[in-house]
Amino acid sequence: MNHDLGEFLRTRRARVRPDDVGLPGGGRRRVPGLRREELALLAGVSVDYYVRLEQGRTPAVSDAVLDAVARVLRLDETERAHLRNLVRPAPAKRPAPQRVRPGLRRLLEMVGDVPAFVMGRRADILAWNPLADALYGFGGLGEEDRNSARHTFLRPEARTFYRDWPTVAADMVAFLRLDAGRYPDDARLAALVGELSVKDETFRTLWAQHKVMEKTHGTKLIAHPVVGDLDLDYESLRPAGDADFTLAIYTAKAGSPTEERLKLLASWAASPGAALEGAEERR
């Protein structure tokens, strides 16, 4: 039985109200949202078939059925992709080591006046430029600690470093959920999730919500311990042919206090001996 598939569908059912889909909402309900039989009716499948789908007991689900269920549940494109990954998990295999190719490293060097780094699977930080190091301190961390999820949940200072920590935490868990759908047999990811679940109550709560999200752009509100508050816009880019890598680039609005504070940060990053850093490979 695919536990993650069942929990994902149940949490998505819970957020759709009957009157959202044209059904009467009266009567007493033990749980919020749509009942299984209501979803089956709206998706055009039998109740028994939907129950088996939610229990992971349908070996061959058609695209038409998945599209119908996704439509009723009002899934966005990221959630639809996650549903397909859960229903049709990738063949079990050991993930290949992640190596940052020279072209990406040169790109990091070219954007040296703003923080930029490469993030891989499991939110591992694989390479960064000096200004990203000045912002996050990647170079002073051990290999296992160069991980955005560990930084967010296991370093106490993260809750003040991120001025909007609850949003950052929720987004990070949604990213890991998406990664877990793509790589259900990744032992290192499972170990990371297990560690965070044991050590942090907020992570456990967020993980149980089964939210998934692909963050492509946004704003990071950071309280840097030396230069003060930074309002950084970011773009997360997926290099062609490297679907498991994300190139994150942070920028500041022209003429803003953040731009001036980044220049101060850059003066430290440009000190003698500063150079592009990064792990050679992560498995």
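Modeller: On a 1 Å grid over the protein atoms alone, a pocket is an open set of points with protein on both sides within 12 Å along at least five of seven lines, whereas a cavity is a set of points where a 1.4 Å probe fits but cannot get out. Lining residues have an atom within 4 Å of a point. The structure shown above is a predicted model, in which local features need pLDDT of at least 70 and side-chain atom pairs count only at pLDDT 80 or more, while totals for chains, interfaces and linings use all residues. Residues are numbered from 1 along each chain as its sequence is written, and side-chain values use heavy atoms, with hydrogens and water left out.

Colleague: What volume does the largest pocket have?

Modeller: A volume is the space filled by probe spheres set on the grid points, which are joined across faces, edges and corners. For the largest pocket, this volume is about 530 Å³.

Colleague: Which residues lie nearest the centre of the largest pocket?

Modeller: The lining comprises 32 residues, and those nearest the centre are Met 119, Met 172, Lys 215, Lys 220 and Ser 236. Two or more lining residues come from each of β1 (116-119), α8 (148-154), α10 (165-182), β3 (217-224), β4 (228-237) and β5 (246-251). These labels follow DSSP runs numbered from the N terminus: helices are H or I with at least four residues, and strands are E with at least two. The greatest contribution to this lining, five residues, is made by α10.

Colleague: How do the residues of this lining divide into nonpolar, polar and charged?

Modeller: Ala, Val, Leu, Ile, Met, Phe, Trp, Tyr, Cys and Pro count as nonpolar; Asp, Glu, Lys and Arg count as charged; the others, Gly among them, count as polar. The lining of the largest pocket has 14 nonpolar, nine polar and nine charged residues.

Colleague: Which residues line the second largest pocket?

Modeller: The second largest pocket holds about 260 Å³ of space. Its lining includes Arg 10, Arg 13 and Ala 14, together with Arg 29, Arg 30 and Glu 37. Both α1 (3-14) and α2 (36-43) give two or more residues to it, and α1 gives the most, with three. Seven of the lining residues are charged, four are nonpolar and one is polar.

Colleague: At roughly what angle do the axes of α1 and α3 cross?

Modeller: Axes are lines fitted to C-alpha atoms, for helices over the stretch in contact, and angles run from 0 to 180 degrees between N-to-C directions. The axes of α1 and α3 (residues 47-54) come within 8 Å and cross at roughly 120°. Angles under 35 degrees count as roughly parallel, over 145 as roughly antiparallel, 65 to 115 as roughly perpendicular and the rest as oblique. The two helices α1 and α3 are therefore oblique to each other.

Colleague: Which residues in α1 and α3 meet?

Modeller: Contact means heavy atoms within 4.5 Å. From α1, Leu 5, Gly 6, Leu 9, Arg 10 and Arg 13 meet Tyr 50, Leu 53 and Glu 54 of α3. This contact involves four nonpolar, one polar and three charged residues.

Colleague: Which residues in α3 are buried?

Modeller: Buried means under 20% relative accessible area, exposed means over 50%, and partly exposed lies in between (1.4 Å probe, protein chains only). The buried residues of α3 are Tyr 49, Tyr 50, Val 51, Leu 53 and Glu 54. They pack against α1, α2, α4 (63-73) and α5 (77-87).

Colleague: How many cavities of 30 Å³ or more are there?

Modeller: Rolling a probe the size of a water molecule over the atoms shows where empty space is left. In this model, the count is two. The largest cavity has a volume of about 60 Å³, and its lining includes Met 119, Phe 175, Asp 179 and Arg 238. Here α10 supplies the largest share, three residues. By class, the lining has five charged, four nonpolar and two polar residues.

Colleague: Which residues line the second largest cavity?

Modeller: They are Leu 66, Asp 67, Ala 70, Arg 80, Leu 83 and Arg 84, around a volume of about 30 Å³. At least two come from each of α4 and α5. Three are nonpolar and three are charged, with no polar residue.

Colleague: Is Asp 67 buried or partly exposed?

Modeller: Asp 67, in helix α4, is partly exposed, with a relative accessible area of 38%. Asp 67 and Leu 83 are 16 residues apart in sequence and 9.9 Å apart in space, C-alpha to C-alpha.
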